[in-house]
Amino acid sequence: MEPSDAPPVRFDGRTYIRVGPRRATATHEEERRLNEKRRARDLPFDLCPLVSASIDDLNLDIFQREYLTSALAPEVLEENQRSPHQQLASVRFATPPPESCPTVLGILIIGKDARQFVPGHYIQFLRIDGTELGNPIKDQKEISGSLLDILRILDETLQVNISIASDITSQSLELQHPDYPIEALRQLVRNAVMHRSYEQTNAPVKVYWFSDRIEISNPGGLFGQVNPENFGHGVTDYRNPHLAGVMKDLGYVQRFGYGIPTAKCALEKNGNPPPEFSFNDTHTLVVVRRQP
């Protein structure tokens, strides 16, 4: 008997796995791991077709006005005579004509109502007046929409919540000291959006802003060849490889593998402690401490 090319496989409503010399019934978490460790010839989840959606569920105006102009050179766009459906298929936002339907990638990037098809595609933002989750909430948002909308609103939200202290005593010029560097927060939250698991979970990315720290968590642990020892040292692997490529095309990430080092450098330069990372099989958490 050969292993399945696309685990997990159920028999009589159960998924069985081999644990050493014995057979066992897979737990929910073990099934999730099997889903993420499919054979390489399987499509990654971000390219899976969403047959319940139609091309009408994609915002073609945003696609042509914002994505294509960022991803393709002007001369390529001028020479492009393909139909919108063919253009969508060429960048894998949809399956090829004639029976096109959006992919998960297309819905995430330019979906009119992405949460209808990918319920966890949003960011839960909480501003908490204190250091504990039970303290009063000063502000809360569910940031949803297309990926372009989410990242745009998120940038604005991070910026308005940063406090800046002015120093006019130590030097002749006024110096401004933010409690958090915006570049570090952008890199860490975008990293969470890019590397999160969208499969078999409805959980959002969470940004909880306490009075002494910010906690950023996302569904999904480390993926592929990345482990706690090499994390943040240039080793990369992608649960959502095509989503990562689109974020690079749009300028939200510059070079793969440089987001965490960039955030660390920005925090150090601003006088913040180093970020604290923790991982398990179901989620990733980073804690950023306020500047002392």
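**Notebook: aromatic pairs and a helix packing**

I began with the rings: Phe-63, Tyr-67 and Phe-93 make up one aromatic cluster. My pairing rule takes rings of Phe, Tyr and Trp (its six-membered ring) with centres within 6.5 Å, and calls planes under 30 degrees apart stacked, over 60 edge-to-face and the rest tilted. The count by this rule is eight aromatic pairs.

Ground rules: this is a predicted model, with pLDDT of at least 70 needed for local features and 80 or more for side-chain atom pairs, while totals for chains, interfaces and linings use all residues. Numbering runs from 1 along each chain as its sequence is written, and side-chain values use heavy atoms, leaving out hydrogens and water.

Next I looked up Phe-231 with Phe-277, an edge-to-face pair at 4.9 Å centre to centre and 65° between the planes. Phe-231 sits in the loop between strand E9 (213-219) and helix H8 (241-249), Phe-277 in strand E10 (residues 276-279), 46 residues apart. Phe-277 also pairs with Phe-279: centres are 6.4 Å apart and planes at 5°, so I logged this pair as stacked.

For burial I used relative accessible area (buried under 20%, exposed over 50%, partly exposed in between; 1.4 Å probe, protein chains only). Phe-231 is buried at 14%, Phe-277 is partly exposed at 24%, and Phe-279 is partly exposed at 26%.

Then the helices: H7 (residues 182-195) and H9 (residues 259-270) pack at about 155°, axes 8 Å apart. I noted them as roughly antiparallel (angles over 145 degrees; under 35 is roughly parallel, 65 to 115 roughly perpendicular, the rest oblique).

Definitions and conventions:
Axes fitted to C-alpha atoms, helices over the stretch in contact; angles between N-to-C directions. Helix = DSSP H or I, 4+ residues; strand = E, 2+ residues; numbered from the N terminus.
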